[in-house]
Amino acid sequence: RPEVHAALQGKEGHAVRRSRTVDTDLLYAAIPLKDGTNPEGVVRVAMPLTQVHQKAARIRNTIAGVGLGMLLLTMAAGFWLARSISHPLQEMSQVAERLAQGEYAARVVTLPPDELGRLGRNINGLAERAAATIAELSSDKAQLSTILASMVDAVAAHHVVDRHRRV
């Protein structure tokens with residue numbers, strides 16, 4: 001037999017053929033029994049191919065199940081990662097829109113410890129500086145209005161006087 005011949009040469013042997021004894025296709029495997037480097041004998045086993053195919057199908061099903069589970073875990077992790085990035089970005093976008101509409105008290109609340117958090121802190125700093133500048137301009141405008149309203153004498157603007165200094 002070819003599997004026994006291979007085992008006698010010190011190698012593992014295997015073959016598939018129909019058994020005349022049980023009238024079914026079998027997988028034969030043989031390994032050498034060695035004493036040092038010389039083979040002293042051979043161990044040969046046989047298994048019906050139907051069992052081999054069943055075991056292979058179970059292994060394929062297990063691999064497919066593990067693969068599907070890993071795919072689902074990967075998708076869940078990807079969804080979580082995408083959400084952890086998109087949520088702060090959506091919040092920053094909404095805060096930027098509110099700032100553009102003049103709502104200078106708007107602030108980014110979600111500040112993760114990464115580049116997105118740094119961007120959020122920069123937006124908050126920009127909002128604080130814009131609010132301070134607007135408050136200062138409003139104060140200056142109110143002060144100027146008060147000064148102009150309390151003046152008794154008339155004030156002529158430069159662009160209303162011609163080059164001969166006539167109003």
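## A guided tour from Val-95

Select Val-95 to begin: at 2% relative accessibility it counts as buried, because buried means under 20% relative accessible area. The model on display is a predicted one. Val-95 has its place in helix α2.

**Around Val-95.** Next, display the surroundings of this residue. With neighbours within four places in sequence left aside, Val-95 is in contact with Ala-106, Arg-107, Val-108 and Ile-123. Then select Gly-120, which is 25 residues from Val-95 along the chain; the C-alpha atoms of the two are separated by 9.4 Å.

Residues up to four places away in sequence not counted, Val-108 touches Glu-91, Met-92, Val-95, Gly-120, Ile-123 and Asn-124.

**From the helix to the sheet.** Now show the whole of helix α2, residues 49-100. This helix lies across β1, β2 and β3, and runs at about 80° to β3. Select the three strands: they form an open sheet in the order β1-β2-β3, with antiparallel pairing. Strands β1 (13-19) and β3 (38-48) stand at the edges with a single partner strand each, so one side of each has no neighbour in the sheet. Viewed from one strand to the next, the twist averages 25°.

**The hairpin.** Keep β1 and β2 on display. Strand β2 covers residues 24-35, and seven bridges join β1 to this antiparallel partner. The two strands form a hairpin with four residues between them. In the turn, select Asp-23, which has a positive phi of about 55°.

**Tyr-28 and its ring.** What sits over the ring of Tyr-28? The charged end of Arg-17 does, 4.1 Å from the centre of the ring. As a last step, consider pairs between aromatic rings. A pair of this kind is described by the distance of the centres and the angle of the planes. How many aromatic pairs does a search of the whole structure find? The search finds zero.

How values were computed. Residues are numbered from 1 along each chain as its sequence is written. This is a predicted model: local features need pLDDT of at least 70, side-chain atom pairs count only at pLDDT 80 or more; totals for chains, interfaces and linings use all residues. Side-chain values use heavy atoms; hydrogens and water are left out. Rings of Phe, Tyr and Trp (its six-membered ring) pair if their centres lie within 6.5 Å; planes under 30 degrees apart count as stacked, over 60 as edge-to-face and the rest as tilted. A charge sits over a ring if NZ of Lys or CZ of Arg is within 6 Å of the ring centre and within 35 degrees of the ring normal. Two strands pair if DSSP finds at least two bridges between them. Axes are lines fitted to C-alpha atoms, for helices over the stretch in contact, and angles run from 0 to 180 degrees between N-to-C directions. Contact means heavy atoms within 4.5 Å. Buried means under 20% relative accessible area, exposed over 50%, partly exposed in between (1.4 Å probe, protein chains only).
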